[in-house]
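Biologist: I am new to this structure. Please pick a single part, look at it closely, and then lead me from there to the rest of the chain.

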Amino acid sequence: MTLASACTPRVVIVGNSTLGPYSLVDASSVAIRLVSTGHLKLTRYSASTDDNNDGTVLSLTTDYTVGGTQDARTFTLTSAQEVLTSSQRIVAERVQSYTQDLDLTTGGAFNSSSLEARFDKLAEFQQELKARLDRTVPLQFSD
């Protein structure tokens, strides 16, 4: 799998007057890849065109639950939330701590699947940073 082209760190979900389940894929059917359900941040906006920062961050297990597999996740709003109407939206983002959790030592286990998982994590970090940079105001080099 080529992670850089096979997943996205952020998608926008427009409601369909239900609690879900909603698939975590973008308009091109590219999924948010999540290693852990705790790596998902959902922000609910009252209007589908609301571009200001008045969104409400939802809490895992209190406001929503996550299902599916690592590469094909879905979320469902809990009964504590109102249904998501077609005039509302939820922005789903992958967020994870920027830690290095693989320690290769002399004589230790050198597992290729562990290395592949860490390379995937580095690519995910790059995607998250790019998504944040894409939403900032660009400045000229001379500024």
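This is a predicted model: local features need pLDDT of at least 70, side-chain atom pairs count only at pLDDT 80 or more; totals for chains, interfaces and linings use all residues.

**A loop and its surroundings**

Modeller: Serine 17 is found in the loop between β1 and β2. The phi angle of serine 17 is near 65°, which is a positive value in a residue other than glycine. The relative accessible area of serine 17 is 46%, so this residue counts as partly exposed, a class that lies between the cut-offs of 20% and 50%.

The loop between β1 (10-14) and β2 (22-23) also contains proline 21. A cis peptide bond links proline 21 to glycine 20, with omega at about 10°.

Tyrosine 22 stands opposite phenylalanine 75, a residue of β6. β2 and β6 (residues 72-77) pair in the antiparallel sense, and two bridges join them. In general, the strands of a sheet pair through backbone hydrogen bonds, in a parallel or an antiparallel way. Here three strands make an open sheet, in the order β2-β6-β5, with antiparallel pairing. β2 and β5 are the edge strands: each has a single partner strand, so one side of each has no neighbour in the sheet.

Next comes the cavity. The structure has one cavity of 30 Å³ or more, and the volume of the largest cavity is about 70 Å³. Its lining is made up of Pro9, Arg10, Glu93, Arg94, Val95, Glu128, Ala131, Arg132 and Arg135. Two or more lining residues come from each of β7 (89-94) and α2, and α2 gives the most, with three residues.

Helix α2 covers residues 112-134, which is 23 residues. At 1.5 Å a residue the helix should span 33 Å, and because its end C-alpha atoms are 33 Å apart, the two values agree. Among the buried residues of α2 are Asp120, Phe125, Glu128 and Ala131. Glu128 and Ala131 also belong to the cavity lining.

Last, the chain as a whole. It has two helices and seven strands, which follow one another as α-β-β-β-β-β-β-β-α along the sequence. Of its 143 residues, 33% are buried. The chain exposes about 8,800 Å², of which carbon and sulfur atoms supply 53%. Among contacts with a separation of 6 or more, 66% involve residues 24 or more positions apart.

Definitions and conventions
Residues are numbered from 1 along each chain as its sequence is written. Side-chain values use heavy atoms; hydrogens and water are left out. Helices (H or I, at least four residues) and strands (E, at least two) are DSSP runs, numbered from the N terminus. Buried means under 20% relative accessible area, exposed over 50%, partly exposed in between (1.4 Å probe, protein chains only). Contact means heavy atoms within 4.5 Å. Accessible areas come from the Shrake-Rupley method with a 1.4 Å probe; for residues, only the protein chains shown count as cover. The expected span of a helix is 1.5 Å times one less than its number of residues. Two strands pair if DSSP finds at least two bridges between them. On a 1 Å grid over the protein atoms alone, a cavity is a set of points where a 1.4 Å probe fits but cannot get out, and a pocket is an open set with protein on both sides within 12 Å along at least five of seven lines; lining residues have an atom within 4 Å of a point. Grid points are joined across faces, edges and corners, and a volume is the space filled by probe spheres set on the points.
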